[in-house]
Amino acid sequence: MMRFSYSRPQTVAQAAASLVADPSAQIIAGGTNLVDLMKYDVTRPGTVIDINGLDLRDIRVDGEGTLQLGALATNADTAYHPEVQSGWPLLSSAMLAAASPQLRNAATNGGNILQRTRCYYFYDPSTPCNKRRPGSGCGALHGVNRIHAILGESANCIAVHPSDMAVALAALDAVVTVEGPAGERQIPFDDFHRLPGDRPDLDNTMERGEIVTAISVPANGFGSHHTYLKLRDRQSYAFALVSVAAAIRLEGETIAELRVALGGVAHKPWRRKDVEAEFIGRPANRPTFEAFAQALMEGATGHGHNDFKLDLAPRAIVRALEQAHAGTPQNQAVKVVF
Amino acid sequence: MPEAAAPRAGTHTISLTIDGAQRSVTIDPWTTLLDLLRGPLGKTGTKKGCDHGQCGACTVLIDGKRINSCLTLAVLKDGAEITTIEGLATGDDLHPMQEAFIEHDAFQCGYCTPGQICSAVGLVNEGHAHSRHEIRELMSGNICRCGAYTNIVDAVQSVLGENQKAPTP
């Protein structure tokens, strides 16, 4: 691993100031992604800023019923928290579908949504990658791309965001709180991650010097009609080829509210609120779910190896909506897909 | 007695409780916890497999919870209480999980075994596994190239005291 200097600020303001003062500095919390990337020489921070001394580990439900997750609470502590399991089971389920127990014990909530893509070309410094080295080209576009994007990609980058937690947070209308030199601001989850466009090196809309301090999730956690369906090459401990976070609110057998976010298909969790709105008032049945899946897949294109996702994704959406409708969420330990 | 050399610039002195013993060490910030354990501290019971958090051979317990020691920097763990495979036994009395791995023949070459056993102890501590399915899922961070998985699940299940041997899909 390359050499770097190390600092351990005691306040968010100190950490933010350190980030601004040293353009090569990077934040470390759980370290499960950054240490890996440093070992592969994908990222080379001159300074590593350890924020584990900051008081950002709280998990609580506030007076308005909003779930408030500290940026430094671990993924395991969050997913197994009794309030999260009872009020926001979709979030808990998605988090338990991710990584391994060892990684969930170390990885933090802030780090989870800031993790970098697992694109093979991003990870291999001997190949071109516009995300790792802007202007060098995209190795995946005409290379091996079976894990890559089918929606929202650009000619510069077809990488996907790897997080499961983020897919659930997108479906649940979460809000990210960031704090930096200009103070604190709230970023709606859909605005937090960005599509690659001509700047695939930028994963999100944070400004230099800003630090994620909290993630809040509104009171409506869709406790009864939800599922997180994750399809992958092996049944445990693998990134999604396609995943679906689905939640429905029913009035009788009519759709009163619908939320669907996809993982493994785009540079960010893929959600279309305009498409969801078109299906309010429709009967909650398979033809409706199939029509919704087709509408959500609008504009999808394959790149060769990942063409199978064009069939897999709509089928996964229909299956997930059937699970959510029936109130039988996917069990993340018993792998049978019903 | 020669005077102790002053720490090199850029190094950090941390103190850890490792397998019950207090240790103070001066390290470079890029030293992983795994490399600290296996190098300066001589705790070679903890294994380096993939060195990227994918195989679980380096699993240790920090404050009772399992993590991949290859993916954390030692400097982040100042003040932590760390248990490795070498700290599970009490004198000559093996930890019940170590006994169970022997009883159930839960290893072949043995390279992944320290990580498997630390992970299994963590699994029991964490209290989320109640069935064979859940044991399998919650041991998924530990790879065994010899394929001793069936017997590993038996060993973990025997310690958990679960007798509902659900059919394996």
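Buried means under 20% relative accessible area and exposed over 50%, with partly exposed in between (1.4 Å probe, protein chains only). Helices (H or I, at least four residues) are DSSP runs numbered from the N terminus. The model is predicted, and local features need pLDDT of at least 70. Residues are numbered from 1 along each chain, and chains are lettered from A.

**Exercise 1.** Determine which residues of helix 2 of chain B are buried and how they are arranged around the axis.

*Solution.*
Step 1. In helix 2 (residues 96-103) of chain B, the buried residues are B:Met97, B:Gln98, B:Ala100 and B:Phe101.
Step 2. These residues lie on the same side of helix 2 of chain B because they cover an arc of only 160° around the axis, the arc being that of the directions from the helix axis to the C-beta atoms.
Step 3. The face turned away from the buried side carries the exposed residues B:Pro96, B:Ile102 and B:Glu103.
Step 4. Helix 3 (113-126) and helix 5 (149-160) of chain B are included in what covers the buried residues.

**Exercise 2.** Characterise how helix 12 of chain A crosses helix 13 of chain A.

*Solution.*
Step 1. The axes of helix 12 (residues 286-296) and helix 13 (residues 309-326) of chain A come within 9 Å and cross at roughly 140°; axes are lines fitted to C-alpha atoms over the stretch in contact, with angles from 0 to 180 degrees between N-to-C directions.
Step 2. Helix 12 of chain A is therefore oblique to helix 13 of chain A (under 35 degrees is roughly parallel, over 145 roughly antiparallel, 65 to 115 roughly perpendicular, the rest oblique).

Methods: Predicted model: local features only at pLDDT ≥ 70, side-chain atom pairs only at ≥ 80, totals over all residues. Heavy atoms only, no water. Helix = DSSP H or I, 4+ residues; strand = E, 2+ residues; numbered from the N terminus. Contact = heavy atoms within 4.5 Å.
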